[in-house]
Amino acid sequence: MKVGKVYIVGAGPYMEDLITVKGLNAIKTADVIIYDRLINKNLLKLAKDDAIYIYCGKEPKKHVLSQDRIINLMIEYAKKGFNVVRLKGGDPYIFGRGAEEAEKLFENDIPFEIIPGVSSFYSALTFAGIPITYRKLAREFHVFTGHTCDDEELNWNIISKLDGTLIFLMSAENIESVSQKLILHGKQPKTLAAAVINATTGRQKVISGYLEDFATGKFKNQIASPMVFVIGEVIKFRNKLSFYENLPLFGKRICITRPKSVSRNIKSLLFSLGADVVDGCCSKLVLHREEIDKILNSLPEYDILVFTSVNGVDSFFDYLIEKNIDVRNIRGDFAAIGKKTALSLQKRGFRVKYIPDEHSSDGLIKIFANEVDRSKKILTVQSKIAGDYLKNALTSLGFEVDTIFAYSMEFFKNPNDAVYDSDIYVFTSSGMFRHFIECYGKEILFNKIVISIGEHTKKTLESFGVQSITCDEATDEGIVNKILEVVKNGV
């Protein structure tokens, strides 16, 4: 059997977009992903639907799996022919034990590759508005692990006299000891110091003061892990350079519930505004071939074909290609809910005649009620979770309607605990809402801001006792604008 390859990948400090393109490509093609506690769990959503996930999170003084077990798992799966991604926070070679893991792979004749990651030692500072160097003020920097201070492995006499910026990683538990030793060995007590906690997340917090403040435990109750401790005069630029904290959605953790195939745009919009975006549900698309088969022979009979989503367009026409069906058999007009669904049809060469201004089933129903001859025979292509709402409404208007549920989404919980700690929850369909509460329960939404994309979704939420704020426009931009409005008004 062919031996698989192991990729030891640095995932960066947390923010999903800070992983490298090469690291992202490794995730997308991995058969097995062995991941740490501090990586952004949204990255797992980008893997193949059948990928195997193994959590080996290491909390201070609490390891789910031993280091030996982690290494053995990489070797075992690679020997079975699987491509393995060992996903680590930050950079694998910067206090990450990546070299030890690679060494064991080498000794066991396992092919491997190291993919560097953005390290927290400088990215945490960047997002806190602290430049690690500055001309004429800090021409050098020095990085240490805070784990070793009690073992006296560091030469504090030398460290305390170094120029430039000092950075200590993994030092939350030892921040007082680190500060005391620096002062004891000659560092001025009034030297500027800062703790950057939960860098690049919606819970980022920066505690600034003097070295003596940290040495005396002034901020003891505010310190938490993960944290980067920085000492140096560059901290004085923080008020000018803290771009991240000045973004309109900084500090807001927003949970969206969307399939990965259509979530990229809204996530990019929210990222650009400083939000920490969490994927509420992971999902995979399941094609229902038997549903499409039911109408293949009668395609020429339909006067109008209605598509309610991009996934519906792709599922339907990709299956026709798979079956070698000539799309010229389709003689009817096309209707689409949403500009993106219409664009998906247009890219396949079809002209879309009916696109409601209100991007919802209700918007389409209004068009059919006012503009379409009742003699028209209609086919709706939908997701299984959509139910019979559209079909029943069109039938009640007098149309002959056939509906096929061309696909469904299989949902499962995102292993990201940040779902429970979000500030704003966004629902773009009734079906997604139902799957969300199946995974997490509705109590998670109480006393939180909840956004629904349209009136139909809002009514579904209300039927479960969940109040929501409806978007003025049922688009990604409409969702983002409503979030900005809500945050600005302090709702």
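## The second largest pocket

In this predicted model, the second largest pocket is lined by 43 residues. Those nearest its centre are Thr308, Ser309, Ile337, Thr428 and Ser429. The volume of this pocket is about 1100 Å³.

By class, the lining of the second largest pocket comprises 21 polar, 13 nonpolar and nine charged residues. Helix α15 gives the most to this lining, contributing four residues.

## Helix α15 and Ser430

Helix α15 spans residues 430–440, and Ser430 belongs to it. The relative accessible area of Ser430 is 8%, and Ser430 is therefore classed as buried, the limit being under 20%. Apart from its neighbours within four places in sequence, Ser430 is in contact with His456, Thr457 and Thr460.

## Helix α11

Helix α11 comprises 13 residues, 310–322. From its first C-alpha to its last it reaches 18 Å, which is close to the 18 Å expected at 1.5 Å a residue.

The buried residues of α11 are Asn311, Gly312, Val313, Ser315, Phe316, Phe317, Tyr319 and Leu320. In an α-helix there are 3.6 residues a turn, so residues three or four places apart point the same way. Just after α11, Asn324 adopts a positive phi of about 60°.

## The largest cavity

Under the rule applied here, there is one cavity of 30 Å³ or more. The largest cavity holds about 50 Å³ of space.

Its lining consists of Tyr14, Met15, Glu16, Asn40, Thr200, Tyr244, Phe271, Ala275, Asp276 and Val277. By class, the lining of the largest cavity divides into six nonpolar, two polar and two charged residues.

## Backbone features in loops

The peptide bond from Ser225 to Pro226 is cis, with omega near 0°. Pro226 is placed in the loop between α7 (211–215) and β12 (227–231).

Lys136 lies in the loop between α4 (120–127) and β8 (141–145), while Asn198 is found in the loop between β10 (192–197) and β11 (205–210). Lys136 counts as exposed because its relative accessibility is 66%, above the cut-off of over 50%. Asn198, with a relative accessible area of 23%, is partly exposed.

## Cysteines

A disulfide is a covalent bond between the sulfur atoms of two cysteines. The structure holds zero disulfides. Cys471 is in no disulfide, and the nearest cysteine sulfur, that of Cys255, is 15 Å away. Cys471 is itself buried, with a relative accessible area of 8%.

Note on methods: Residues are numbered from 1 along each chain as its sequence is written. This is a predicted model: local features need pLDDT of at least 70, side-chain atom pairs count only at pLDDT 80 or more; totals for chains, interfaces and linings use all residues. Side-chain values use heavy atoms; hydrogens and water are left out. Helices (H or I, at least four residues) and strands (E, at least two) are DSSP runs, numbered from the N terminus. The expected span of a helix is 1.5 Å times one less than its number of residues. Buried means under 20% relative accessible area, exposed over 50%, partly exposed in between (1.4 Å probe, protein chains only). A disulfide is a pair of cysteine sulfur atoms within 2.5 Å. Contact means heavy atoms within 4.5 Å. On a 1 Å grid over the protein atoms alone, a cavity is a set of points where a 1.4 Å probe fits but cannot get out, and a pocket is an open set with protein on both sides within 12 Å along at least five of seven lines; lining residues have an atom within 4 Å of a point. Grid points are joined across faces, edges and corners, and a volume is the space filled by probe spheres set on the points. Ala, Val, Leu, Ile, Met, Phe, Trp, Tyr, Cys and Pro count as nonpolar, Asp, Glu, Lys and Arg as charged, and the others, Gly among them, as polar.
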